Amino acid sequence: IPETNMTDSIFSRVFSYRQRENHSPLENFLTEIFAYCLESDAKFCSDFFSQCLYIHIKSGDSKIVTQEEYDGYGRPDVEVAVNNISILFECKVEASERKNQLEDYATILEKHKPSNNSKHIVFLTKYFEHKVLTNQKINLHLIRWFAVYELINDTHSQVTNELKNFLKERGIEKIKNFKLKNCFLFQF
């Protein structure tokens, strides 16, 4: 997966993930477009952080990168640094989390980010997946793509509204069934 430069145009960023044999670029396209919207649309960025993560930031204060490699721990899809906050995103559409992926991201936050920073991992998925981190110092946010879809409105940029259209075109805008593993449901 190529590392992207946030100063590249959105078209250059998504082109690096063009269709290849046995690999669909949908997840990477969506990640790059989402990161671009966070970076270029200050209102969307502020709304996403406050309404989905309950983190209040000043517009324009964030530094956003995608596909940063951490030897031995993986490559978070999106990384956001703002004030004294470090946030790593893992964005999924149909794929599953690789073994220990979120725990590896927690290690990245502990080893590579300032110790006084508030640390967060965002697991952004099409389907609900229950996840828990062993490291209680890291805030885990389980967000679904439909929440991003519902958040976007006419006050956001044209590109952000195109993200909303893309989510709908791909059927990612709807609340999807829960996928619960090893859970028992009790009815009273």
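In the structure, Cys91 is buried at 1% relative accessibility, where buried denotes under 20% relative accessible area, calculated with a 1.4 Å probe on protein chains only. The model is a predicted one, in which local features need pLDDT of at least 70 and side-chain atom pairs count only at pLDDT 80 or more, whereas totals for chains, interfaces and linings use all residues. Residues are numbered from 1 along each chain as its sequence is written, and side-chain values use heavy atoms, with hydrogens and water left out. Cys45 is likewise buried, with a relative accessible area of 4%, and the structure holds zero disulfides, a disulfide being a pair of cysteine sulfur atoms within 2.5 Å.

Helices H2 (residues 26-40) and H3 (residues 42-52) are DSSP runs of H or I with at least four residues, numbered from the N terminus. Their axes, lines fitted to C-alpha atoms over the stretch in contact, come within 5 Å and cross at roughly 105 degrees. H2 is therefore roughly perpendicular to H3, a term covering 65 to 115 degrees on a scale from 0 to 180 degrees between N-to-C directions. Phe34, Cys37, Leu38 and Ser40 of H2 meet Ala42, Phe44, Cys45, Phe48 and Phe49 of H3, contact meaning heavy atoms within 4.5 Å. The residues of this contact comprise eight nonpolar, one polar and no charged.

Ser50, also found in H3, counts as buried at 15% relative accessibility. The Ser50 side chain reaches the backbone oxygen of Asp47 at 3.4 Å, and Ser50 touches Ile55 and His56 when residues up to four places away in sequence are not counted.

Notes
Helix = DSSP H or I, 4+ residues; strand = E, 2+ residues; numbered from the N terminus. Buried < 20%, exposed > 50% of the residue type's maximum accessible area, 1.4 Å probe, protein only. Polar contact = N/O pair within 3.5 Å; in protein donor to acceptor, adjacent residues only side chain to side chain. Parallel < 35°, antiparallel > 145°, perpendicular 65-115°, else oblique. Nonpolar A, V, L, I, M, F, W, Y, C, P; charged D, E, K, R; others polar.
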